[in-house]
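Colleague: Please show me the model, and then let us go through some of its contacts.

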Amino acid sequence: MQIHSRVPMFGPADATPVPAPGEVRGDRPDHDGKHDDGKHDDGKHDGKDHDGALDEAVSRAQAKSAVVEERLRLQPGNHLVLSGDRPTGDLHIGHLLGTLANRVRLQQLGVPLVLVIADYQVIVDRTDPGPVRDRVRALVADYLAAGVDPERTVIFPHSAIPSLNQLMLPFLALVSAAELHRNPTIKSEMNAAGRPLSGLLLTYPVHQAADILFCGGTVVPVGMDQLPHLELTRSIARRFNDRYGHLFRLPEPLLSRTPLVLGTDGRKMSKSRGNSIALSANEDLTASRIRSAKTDSVRLVEYRPKARPEVASLLEIVAAFTGDTPAGIAHEIGNRGSGALKARAAEAVNEFLRPLRARRRELVAEPSYLDGVLLDGIGQANAMASSTLGKVRAAMDMDYLAGRRAGT
Ligand code: TRP
């Protein structure tokens with residue numbers, strides 16, 4: 001899969017100093033079209049309220065990401081890419097242009113890839129996990145259809161990996177309650193949940209550290225909203241190493257080079273709001289969703305992201321799927337108005353997704369194949385997790401019967 005990007009991969013990044021960990025703290029969460037559930041969003045974070053501080057934090061994080069990219073390119077075998085999603089609905093083009101394309105691209109560079117399906121994260125802020133069984137399979141189909149190679153990827157739901165889950169206990173001892181309460185993504189999810197803060201919502205970033213550290217993940221492709229969680233993971237790894245001896249490498253986030261993709265209502269694209277273009281949607285639904293997209297009343301189509309975010313987002317989408325520039329597309333459409341822009345966007349999206357959707361249909365028709373991919377992934381993830389938990393317990397001097405009897 002090739003998603004076009006206008007941003008040069010290693011331009012000024014070479015000259016940009018790497019910011020110290022923690023510098024990206026305090027960014028506005030929910031920036032990237034991920035976290036795709038209306039329930040996660042308090043409506044204040046819809047990509048329109050760009051301010052100087054945010055722009056600066058984004059560009060710092062992006063500059064750092066370019067440095068990470070370069071290291072991956074030089075030594076793919078020395079890294080492990082770990083990323084994941086909550087099984088709360090079908091993936092959409094926001095995911096594709098965000099983290100999904102990054103994962104596929106890095107895998108094609110030869111970096112080992114581990115994908116965690118975060119099923120325990122579904123219940124952080126709701127009582128009903130929904131049709132989670134079907135959604136886990138659908139997520140596997142989305143991944144493989146997007147170009148993830150099942151032969152070279154470990155894909156698993158984290159509920160199936162007991163040793164990963166046990167890592168949460170020693171990790172919880174390494175963080176303070178105040179630190180968890182300060183996390184801006186948790187704050188916004190808490191406000192959006194509309195119910196009392198659950199213990200799991202407060203502590204899932206610690207569980208997410210277990211997702212990342214159980215397999216030695218070094219690079220984590222994520223959106224802006226996940227940066228605080230990555231920062232916490234780094235703190236946990238650092239504190240564990242300081243307290244018990246070096247065991248964990250510190251993982252680094254990798255931000256997408258594609259700007260925020262807005263949903264058809266002008267707000268953040270979200271699985272559950274009916275404003276997204278799912279990878280699984282058909283061409284008619286895609287075209288009608290895009291036709292109904294909110295724009296403004298100015299006839300002339302121009303690329304002005306701050307002043308005209310909805311028009312700019314449509315231009316970004318066309319650009320990402322065709323390889324043209326947003327300004328070039330705007331110029332070409334000119335006075336023909338947003339109707340012409342939407343027709344162009346529907347065509348670009350449908351054309352790009354056609355082969356992906358055909359593959360996805362074939363995959364969905366073979367649930368036993370998808371289950372096999374999961375079974376394989378669960379086997380490999382369990383092996384990695386028991387090995388890591390063994391080392392953690394040894395480092396903590398809690399491996400009392402090691403060497404005498406298995407499984408103690
Ligand atoms: N919290 C992530 C999200 O909502 C999903 C996730 C779970 C994840 N575990 C992870 C992402 C580990 C990166 C690494 O999108």
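**Salt bridges, a helix and a cavity**

Modeller: Glutamate 189 is buried, because its relative accessible area is 0% and buried means under 20% (exposed is over 50%, partly exposed in between; 1.4 Å probe, protein chains only). This is a predicted model, in which local features need pLDDT of at least 70, side-chain atom pairs count only at pLDDT 80 or more, and totals for chains, interfaces and linings use all residues. Residues are numbered from 1 along each chain as its sequence is written, and side-chain values use heavy atoms, with hydrogens and water left out.

Colleague: Which side chain meets glutamate 189 in a salt bridge?

Modeller: A salt bridge here is a side-chain nitrogen of Lys or Arg within 4 Å of a carboxyl oxygen of Asp or Glu. The N to O distance for glutamate 189 is 3.3 Å, and the partner is arginine 86.

Colleague: How many residues apart in sequence are the parts that arginine 86 and glutamate 189 tie together?

Modeller: Arginine 86 lies in the loop between E1 and H2, and glutamate 189 in helix H6 (residues 184-193). Helices (H or I, at least four residues) and strands (E, at least two) are DSSP runs, numbered from the N terminus. The pair therefore ties together parts whose separation in sequence is 103 residues.

Colleague: Is arginine 86 buried or exposed?

Modeller: Its relative accessibility is 8%. Arginine 86 therefore counts as buried.

Colleague: Which helix holds the aspartate that pairs with arginine 360?

Modeller: Arginine 360 and aspartate 142 form a salt bridge at 2.5 Å, N to O. Arginine 360 lies in helix H12, so the pair ties together parts 218 residues apart in sequence, with aspartate 142 in helix H3.

Colleague: What distance separates the end C-alpha atoms of H13?

Modeller: H13 has 29 residues (367-395). The expected span is 1.5 Å times one less than the number of residues, so it should be 42 Å. The model agrees, with the end C-alpha atoms separated by 41 Å.

Colleague: Which helix gives the largest share of the lining of the second largest cavity?

Modeller: A cavity is a set of points, on a 1 Å grid over the protein atoms alone, where a 1.4 Å probe fits but cannot get out; lining residues have an atom within 4 Å of a point. This cavity has a volume of about 110 Å³, a volume being the space filled by probe spheres set on the points, which are joined across faces, edges and corners. Of its 14 lining residues, those closest to the centre include Leu314 and Ile317. The largest share, four residues, comes from helix H10.

Methods
1 Å grid on protein atoms, 1.4 Å probe; cavity = no way out; pocket = protein on both sides within 12 Å on 5 of 7 lines; lining within 4 Å.
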